[in-house]
Amino acid sequence: MANQLLDSKRGIIFGALDEHSIAWKVAERCKEEGAIVTLTNAPVALRMGKIQELGEKLDAEIIPADATNIDDLTDLFKKSMNSLGGKIDFVLHSIGMSVNVRKQKPYTDLNYDWMQKSLDISAISFHKVMQTAFHQDALSDGASVLALTYIAAQRVFPDYSEMAEAKALLESFARSFGYHLGAAKNIRVNTISQSPTRTTAGSGIKGFDTFFDYADKMSPLGNADASSCADFCVVMFSDLTRMITMQNIYHDGGFSSMGMNPALLNES
Ligand SMILES: NC(=O)c1ccc[n+]([C@@H]2O[C@H](COP(=O)([O-])OP(=O)(O)OC[C@H]3O[C@@H](n4cnc5c(N)ncnc54)[C@H](O)[C@@H]3O)[C@@H](O)[C@H]2O)c1
C-alpha cells in the first residue's frame, strides 16, 4: 500500500537493531513510500545486530553513531547530507536503554551513575540530535522529527522503573526544542507513545508478556504493532501533518483513554 507520501524525502533512522525493532519497520515503510534514508546505531549494536542486512535491502548507507556523543552525531549529519544529496527532511529517534532495568535493580534502590547513563541514552540524546542538527543547519524547512515514547511518562507502571522519567524528559525535549525548530524553520517535533511491542528493548522489561496481554485486552483495538507504528511514522513524516508539532500522540489502540474494560473484569 505505497502512496509515495515521502517521495524523494531524505531521512535518518536511529535504532534499527533487528527485524523486531520498530525502527526497522519504519525504515522499510519509508523506503516503500519513496524516501531515501541513512541508518544509524551505536557501534556495539552494529557489531551485534542485523542492521547490515537492512542496509543492503534498502540500499541505505549505515553510519555508526553513539547518540550520546556529539562528535559522532556531527559526523552522522554531515555524512547523511553527503550520502542523500541535501538537507534532512525527517529523523526518527528510536533509542532506549536502562542500565538499572537491565541489571534488575529495584526502583527503590537505583544506582545513580547508571541512571545518568540511562537518561543520557534514552532522553538527552534526543536533545543532542536536535541541537547538532540545528548547529549544522542540517534540517530542511518543514522537516519532521519524531521520537518514540511510552505512557509510563504519565501513569505509573512500576516495572518500567527509571525509564518512566527518561520518557517524561524525552517528551519535554520534544515540546521545548519543538518551539525553537518551529520558529526557526517550520520544523515539527513530536513523540509517538506506542503500545507495548515485542522487541529487544520491550522484552527487557520485567513481566513484559503479562503486561503485553493486559494492554492488548484493555485496548478496544488491541495493541498497536510495530508495522502500524511504521505507518503512523510515515504519515507524521509526510507533508500531510505539516501543522502538527510539540505533541505527544498516543498510538496505542485506545489504551490511554480506558479506565476499565469489561472483558478484563470478566476474567477475574
Ligand atoms: N517495545 C516497546 O514495548 C516500546 C513501547 C513504547 C516505546 N518504545 C520505544 O521505542 C524505541 C525503540 O525501541 P524498540 O522497542 O524498537 O527496541 P530495540 O531494542 O529494537 O531498539 C532500541 C535501540 O536503541 C539503540 N541504542 C541503545 N543505546 C544507543 C546509543 N548509545 N546510541 C544509539 N543507539 C542506541 C539500540 O542499539 C537499539 O537499536 C525506544 O525508544 C523504546 O523505548 C518501545
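Author: Two strands pair if DSSP finds at least two bridges between them. Strands (E, at least two residues) and helices (H or I, at least four) are DSSP runs, numbered from the N terminus. The model is predicted: local features need pLDDT of at least 70, side-chain atom pairs count only at pLDDT 80 or more, and totals for chains, interfaces and linings use all residues. Residues are numbered from 1 along each chain as its sequence is written.

On these terms, Thr38 stands opposite Glu61 in strand 3. Strand 2 (residues 36-40) and strand 3 run parallel and are joined by two bridges. They belong to an open sheet of seven strands, with parallel pairing and the order 3-2-1-4-5-6-7. Strand 3 (61-62) and strand 7 (248-251) are its edge strands, each pairing on one side only.

For the packing, two residues are in contact if their C-beta atoms, placed from the backbone, lie within 7 Å. Axes are lines fitted to C-alpha atoms, for helices over the stretch in contact, and angles run from 0 to 180 degrees between N-to-C directions. Helix 1 (residues 22-32) lies across strand 1 (10-14), strand 2, strand 4 (88-93), strand 5 (139-149) and strand 6 (188-194), and runs at about 165 degrees to strand 1. Helix 10 (residues 226-237) also packs on the sheet, where it touches strand 1, strand 4, strand 5, strand 6 and strand 7. The direction of helix 10 makes about 165 degrees with that of strand 6.

The contacts of Ile13 show this packing at the level of residues. Leaving aside neighbours within four places in sequence, Ile13 is in contact with Ala23, Val26, Ala27, Val37, Leu39 and Leu92. A residue is buried if 20 or more other C-beta atoms, placed from the backbone, lie within 10 Å of its own, exposed if 12 or fewer, and partly exposed in between. A nonpolar core is a set of buried Ala, Val, Leu, Ile, Met, Phe, Trp, Tyr and Cys residues joined through C-beta atoms within 7 Å. The largest such core has 72 residues, and among those that touch the most other members are Ile13, Val37 and Cys233. Helix 7 (residues 163-185) gives the most to this core, with eight residues.

Over the whole chain there are 11 helices and seven strands, and 45% of the 268 residues count as buried.
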